[in-house]
Amino acid sequence: MHLTQKLELFPDQRVTQTLFKEVKNAAELRQSAVEGKINGALINPTMLVDPFQVMVAANKAVHFQKTGKMKTRSLYSEIIFNLSPTNNISEAFKRFGISDADDSVMIVVVHDKNETQQDIAAKVDGRQVPVEDVSSLSDPAKIKKLYKITPQEEKCGTLLDAVVCRMATKDVM
């Protein structure tokens, strides 16, 4: 039910995504993440179009970590920041991090190919669902508004194309 993929630019690194619905302890999870007790990114899946969006953010975060150019304090906060179309870190956490009232969460962990990952899933009081189901939790209207996606753009490409384009170019705009 989780999705583990290799980072093409960093073949020794893997990104594992795990999706939960009906989460009852989001406040506890968020607090544990803030305290550094959870070694992973806790993402609000309503702002995600597709697991590929998370892979783009994770790839960018690992690249910035390896080159010493991270804008945040940790790899996992960098992943959340890279999902955002803006350069405002606190805004990125508000939009893409989980809040106390959330009932779904996407957990993202970056690990070495030979490393067994810390089992964060055991800490979640919720129902694990296939990562590919993330689009069923998405809020396309909020996503379009946040990324400022125009109707013309949707005619020539997908929502995912537009979102990934914004994420990829935010550092050069």
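Predicted model: local features only at pLDDT ≥ 70, side-chain atom pairs only at ≥ 80, totals over all residues.
1. Helix α5 covers residues 140–147 and helix α7 covers residues 159–169; the two pack at an angle of about 35 degrees, and their axes lie 11 Å apart. Those two numbers are there for a reason: two packed helices are described by the angle between their axes and the distance between the axes. The crossing of α5 and α7 is left-handed.

2. Now look at who does the touching. From α5, the contact uses P140, I143, K144 and Y147, and from α7 it uses L159, V163, R166 and M167. Sorted by class, that makes six nonpolar residues, two charged ones and no polar ones. If you wonder about the spacing of the numbers, remember that an α-helix has 3.6 residues a turn, so residues three or four places apart point the same way.

3. Next, find helix α3, residues 75–83. How many of its nine residues are buried? Nine of the nine are, so α3 is largely enclosed by the rest of the structure.

4. Which strands pair with β4? One is β2 (residues 10–21), which runs antiparallel to β4 and is joined to it by eight bridges. Another is β3 (residues 41–43), which pairs with β4 in the antiparallel sense over three bridges. V108 of β4 is a handy place to look: Q17 stands opposite V108, and A41 stands opposite V108 as well.

5. Zoom out to the whole chain. There are seven helices and five strands, and along the sequence they follow the pattern β-β-α-β-α-α-α-β-β-α-α-α. The radius of gyration is 15 Å, close to the 16 Å that the globule rule gives for 173 residues, so the chain is as compact as a globular protein of that length.

6. A few overall numbers to finish. The C-alpha atoms fill a box of roughly 45 × 35 × 30 Å along the principal axes. Of the 173 residues, 46% count as buried. Among contacts with a separation of 6 or more, 74% come from residues 24 or more positions apart.

Notes:
Residues numbered from 1 in each chain as written. Heavy atoms only, no water. Pairing = 2+ DSSP bridges. Helix = DSSP H or I, 4+ residues; strand = E, 2+ residues; numbered from the N terminus. Axes fitted to C-alpha atoms, helices over the stretch in contact; angles between N-to-C directions. Left-handed = near helix turned anticlockwise from the far one by under 90°. Contact = heavy atoms within 4.5 Å. Nonpolar A, V, L, I, M, F, W, Y, C, P; charged D, E, K, R; others polar. Rg over C-alpha atoms; globule rule 2.2 N^0.38 Å. Buried < 20%, exposed > 50% of the residue type's maximum accessible area, 1.4 Å probe, protein only.
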